[in-house]
Amino acid sequence: MPSFRSLLESGARLLFDGAMGTMLQLRGLGPGQNPEAFCLQRPDILEGIHAEYVLAGADVLTTNTFGGSSYKLPPGVEARDFNRRMAQSARKAAAAAGRPVFVAGSVGPSGKFLRPLGDAGFDELTAAFQEQIRGLLEGGVDLILAETQFDIAEARAIVIAARRECSLPIAVSMTYEDGVTLTGSDPAVCAATLANLGVDMIGMNCSAGPVEMRAAADELLAASPVPVLVEPNAGLPLLRDGGTVFPLGPEEFASLTAAFARSGAQAVGGCCGTSPAHIAALAGAVRDLARPEPRPRFRGVALSSRSRLLRIGPDYPLRIIGERINPTGKKQLGAELRAGEFSTALRFADEQFMNGVPALDVNVGAPMVDEEALLPDLVSRLCSLHPLPLSIDSSNMEAVEKALAVYPASPLVNSISGEEGRLERLGPLCRDHGAPFILLPLRGGALPVLARERIAVVEDMLLRMEALGVPRRLALVDALVLTVSANPEAAKECLDFIRYCDREIGLPTVCGLSNVSFGLPARELVNAAFLGLAAAAGLNACIANPANARFMETIDATNLLLGHDDGAGHFIARYSGYAPRGGAGAGAPVPDKGGAPGAAGSVAGSVAGPDTGSDIGAAADPLADPAAGAAAPALSGLLEQAVIAGRREAVEERIQKALDAGEEPFSIVRERLIPAITEVGAKYERKEYFLPQLIRSAESMQAAFALLKPLLEKDSRAQSRPLIVMATVEGDIHDIGKNIVNLMLGNHGFEVLDLGKDVPAAAIVKAAEESGAGLIGLSALMTTTMVRMRETVALLRQKNLPQRVLVGGAVVSEDFARSIGAHYAKDAVEAVRLAQRLL
């Protein structure tokens, strides 16, 4: 029997099975009943469903372990044993097929968010997934399938957990709404991040039918360098005769889903609402299709954050990575880092973001600084405040490892040299975390002055990488710029080395430039000239200060001249009003008077040299809405800006200043805080903000209310806030969405009575009746539990109670809500708006 990986690599088309929950309902799973517990009690039913999918033509059976982590299983059910037994049921059906049928071990979301977005730690989360995966392996699965993932950070944790336990193929399937995941990642970001992790297949499933899924699937097919899996629902769910139904029948579903295979998806299958009949029809629709065309290949490296992708390579413009967060030559920054403070570091990040850099280098290496504590802390803070990919810059390998654990996607590691033990430690770490890295051609005590010396080091390191299983696709080579004042041939040797990397071994290059001009007058002229020469030789990126106007002008002009500015659009937009001043160009360049660069861990650490003046500098207000780029926020007050930017410390400081200046607490809330958080909601709806920014701003509002609450309660105008009862319905243990809605409601002046998850309709109605709440909010994630919403509405009407009901969740739709007599909110922002209208 061929292996699953060999079939993938051959381009063979593969058919995955369909829904499990839908079939379990048809076989006796009651509304709200736990599907995991049901299958433990009735393994015969589970094995029968697997067998039906085999008869339908499925090549891959998915284990009934979507909720099989310790976070989701019912009390008393041990995760490892449960997953083993579920995998054995699927294996039994596959073994009886009489043809090659594979078993995919399903790993669903934990229901937790990693810090700082939530309260789960990386080690805790990966440990839970490892326990689940051990059980799947013992049950005999052929691959690990992380499915219905809505946060790229958690998907990454599952891949890392799987790699720690086995070498089986790994497939990761994300779920998208309106083209992005819940935490703001589009298909291109997910594809690049997962490809860096070395997964074997990238997919998408759930949340939509084949029609609604089309645009996101096209994006994924254009972005994924590995085989693609597409598994739509059988349309959007409806409520008919008291049950949940999906409108697409087998033939219509097959016709629409086969279109993905014709567009290049190597594997297709079904999600919610599909059955063996749907899969049989799909098998017929794709049976005679030719093998898909090879997947697209991208030259260079890819960096990513949750919401942004940055490709560095020969097919892309010359990139700049902002260098300012580095204490070398910056006394104030160094002093703050020693004190465990980040004010200047965060301000430098804000300034560089406003100057348009696409990535930030982060270095905290200074005397008496605990890098192992501070580097991951600062990286975590920056990830929550800015959408930019980060470069983790340190010579401390333990600090790098800890920073990688808190980063949500694919950062750049700066750097890995040829020094003894460094590649052996950091290479596998970068491989397993999907982190591109700067390959620094240094070993021993002497600098490799000649190009051939650097080439020898690089070739040796590439051989060592191959032995360690570290892929070349992650390597970005440091060009190692040396000073021409000491060696007139230094620049020529560097350019020869860049050409070698570009033309001979096909690896992208990066550098810091200030060494080239060290000891010379007019250093920025030399730096700019060398940058143009280096770009023409094949240089792809540099680590630099974006406040240097001459330097940024050189980059823009170079990208134009090398054909990396389509239609000269960027150059024209930026320089249409260009007015040279004294030959220096538009805007005052930052003088470069300093000494040699000194980024810890890499020569590619500085372009303009260390700062010699004030650490403060002149820049736009750092709270001027970082997620919206250079655009000013709709509200200009400092307190409002702090809320919009999600800066908790600044919110608290400015609340206190407002109180000290005599502003009344009620006025602060009504006239400043509520308009600010309303603007945050508007940004979320416009897709300028995503869930991380929404939560960050909401938590800043919570901090403001905590300060003002005692004063508000003393005010004679204080009045009770509208009360809303919130609950996840019976049988459903998912509460992430509900908790986000709770947070937003509280920030808009509502009092929330949260009953938690898995709450019976009778308990919800009783709580609403006894508390006098005017509105009930219900959440459900599963098709098997959404029918419980109808029970709550029916019980309210039976008791003739006045409360209105607001419903939401991944499987819930406007039509469903209308059919049960409830109001529908697609997200937390819309829930707030509806609550304001209904109450």
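Analyst: Leaving aside neighbours within four places in sequence, Lys 738 is in contact with Met 726, Ala 727, Thr 728, Asp 754, Gly 756 and Ser 779. The model is predicted, and every value below is computed from it. Lys 738 itself belongs to helix H26. With a relative accessible area of 2%, Lys 738 counts as buried, because buried means under 20%. Its side chain makes a polar contact with the side chain of Asp 754, at 3.0 Å.

Strand E21 covers residues 723-728 and strand E23 covers residues 775-779; the two run parallel and are joined by five bridges. One of the residues touched by Lys 738 is Ala 727, and the bridge partner of Ala 727 in E23 is Leu 778. These strands are part of an open sheet of five, in the order E22-E21-E23-E24-E25, with parallel pairing. Its edge strands are E22 (751-754) and E25 (823-824), each of which pairs on one side only. Asp 754, the polar partner of Lys 738, falls within the range of E22.

Helix H26 and strand E22 also take part in an open space. The second largest pocket has a volume of about 1300 Å³. It is lined by 44 residues, and those closest to its centre are Arg 721, Leu 743, Gly 746, Asn 747 and Phe 750. The elements that give two or more residues to this lining are helix H24 (665-685), helix H25 (691-714), helix H26 (736-747) and E22. H25 gives the most, with eight residues. By class, the lining of this pocket has 18 nonpolar, 14 polar and 12 charged residues.

A search of the whole structure finds three cavities of 30 Å³ or more. The largest cavity has a volume of about 130 Å³. Of the 14 residues that line it, the closest to its centre are Ser 305, Arg 306, Cys 383, His 386 and Pro 387. The lining of this cavity has eight nonpolar, five polar and one charged residues.

The side chain of Ser 185 reaches the backbone oxygen of Arg 306 at 2.5 Å. Ser 185 sits in the loop between strand E5 (170-174) and helix H8 (187-196), and is buried, with a relative accessible area of 0%. Not counting residues up to four places away in sequence, Ser 185 touches Ile 152, Tyr 176, Gly 179, Val 180, Cys 190 and Arg 306.

Of these, Cys 190 is among the buried residues of H8, as are Pro 187, Val 189, Ala 191 and Asn 196. Nine of the 10 residues of H8 are buried, so this helix is largely enclosed by the rest of the structure. At the start of H8, a side-chain oxygen of Asp 186 reaches to within 3.1 Å of the backbone nitrogen of Ala 188. Just after the helix, Gly 198 takes a positive phi of about 80 degrees.

How values were computed: Residues are numbered from 1 along each chain as its sequence is written. This is a predicted model: local features need pLDDT of at least 70, side-chain atom pairs count only at pLDDT 80 or more; totals for chains, interfaces and linings use all residues. Side-chain values use heavy atoms; hydrogens and water are left out. On a 1 Å grid over the protein atoms alone, a cavity is a set of points where a 1.4 Å probe fits but cannot get out, and a pocket is an open set with protein on both sides within 12 Å along at least five of seven lines; lining residues have an atom within 4 Å of a point. Grid points are joined across faces, edges and corners, and a volume is the space filled by probe spheres set on the points. Ala, Val, Leu, Ile, Met, Phe, Trp, Tyr, Cys and Pro count as nonpolar, Asp, Glu, Lys and Arg as charged, and the others, Gly among them, as polar. Helices (H or I, at least four residues) and strands (E, at least two) are DSSP runs, numbered from the N terminus. Buried means under 20% relative accessible area, exposed over 50%, partly exposed in between (1.4 Å probe, protein chains only). A polar contact is a pair of N or O atoms within 3.5 Å; within protein, one must be able to donate a hydrogen and the other to accept it, and residues adjacent in sequence count only if both atoms are side-chain atoms. Contact means heavy atoms within 4.5 Å. Two strands pair if DSSP finds at least two bridges between them.
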